[in-house]
Amino acid sequence: MNELIAKRIAIFSVIFGAVIGLIAVIPPLIGMCLFVLSFLSAPILILYMKKNEKYLGFIDNQQGAILGAISGFFTTVGFFVTFCPMVCILHLIFKKYYSYAIPDMIQTGLWLLFVIIFMVALIFAMTNSASGMGTSWILGYIEKKPQNHDAQLDIEIND
């Protein structure tokens, strides 16, 4: 897989996770946001990158699983990077806002918060890997497979 594609999906995932984190601050929407975060972030990002084949061309099941895992991990990290500070700010402003024990965890055991974020990101990476592989499998039937789609590229990418 191309390294540039992995970097792009990581950047898109962090941005997508931050948007989901901002939406999840609204209490009735947190369940829907966690469902999208855990199962649908990889298909959404893969379909976005395949739109007009601007960022992503034909992918097979293995590449779909890898892209799904990358997107699941970084979407979760982006979610928690925005969700945790927003919960703390809203808990300071509105005393009755449910804080999900995040301010207490920051005060007493910050390391525990990092461990929880890392473990949840690994679990969501696995679930999004499966949904990304399923997305690429479905797209394999819809799209026409190009000739030599698995050939090595003869381009050099200099950042």
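Contact here means heavy atoms within 4.5 Å, and helices (H or I, at least four residues) and strands (E, at least two) are DSSP runs, numbered from the N terminus. This is a predicted model, in which local features need pLDDT of at least 70, side-chain atom pairs count only at pLDDT 80 or more, and totals for chains, interfaces and linings use all residues. Residues are numbered from 1 along each chain as its sequence is written, and side-chain values use heavy atoms, with hydrogens and water left out.

**View 1. The whole chain, to get your bearings.** The chain has five helices and zero strands, giving the pattern α-α-α-α-α along the sequence. Its C-alpha atoms fill a box of roughly 60 × 30 × 25 Å, taken along the principal axes. Of the 159 residues, 40% count as buried (under 20% relative accessible area, with exposed over 50% and partly exposed in between; 1.4 Å probe, protein chains only). Among contacts between residues at least 6 apart in sequence, 77% join residues at least 24 apart.

**View 2. Helix H1 meets helix H2.** H1 (residues 3-23) and H2 (residues 30-50) pack at an angle of about 140 degrees, and their axes are 10 Å apart. That angle makes H1 oblique to H2 (under 35 degrees is roughly parallel, over 145 roughly antiparallel, 65 to 115 roughly perpendicular, and the rest oblique). Axes are lines fitted to C-alpha atoms, for helices over the stretch in contact, and angles run from 0 to 180 degrees between N-to-C directions. On the H1 side, look for residues including Ile-5, Phe-12 and Ile-23; they belong to a contact whose H2 members include Cys-33, Leu-45 and Met-49. The residues of this contact divide into 13 nonpolar, two polar and one charged (Ala, Val, Leu, Ile, Met, Phe, Trp, Tyr, Cys and Pro are nonpolar, Asp, Glu, Lys and Arg charged, and the others, Gly among them, polar).

**View 3. Phe-83 and Tyr-100, ring to ring.** The whole structure holds 11 aromatic pairs (rings of Phe, Tyr and Trp, its six-membered ring, with centres within 6.5 Å; planes under 30 degrees apart are stacked, over 60 edge-to-face, and the rest tilted). Phe-83 and Tyr-100 form a tilted one, at 5.6 Å centre to centre and 45 degrees between the planes. This pair links distant parts of the chain, 17 residues apart: Phe-83 sits in helix H3 (residues 61-93), and Tyr-100 in the loop between H3 and helix H4 (102-108). Phe-83 counts as buried at 4% relative accessibility, while Tyr-100, at 27%, counts as partly exposed.

**View 4. The ring cluster.** Step back from that pair, and ring pairs link Phe-79, Phe-80, Phe-83, Tyr-98 and Tyr-100 into a cluster.
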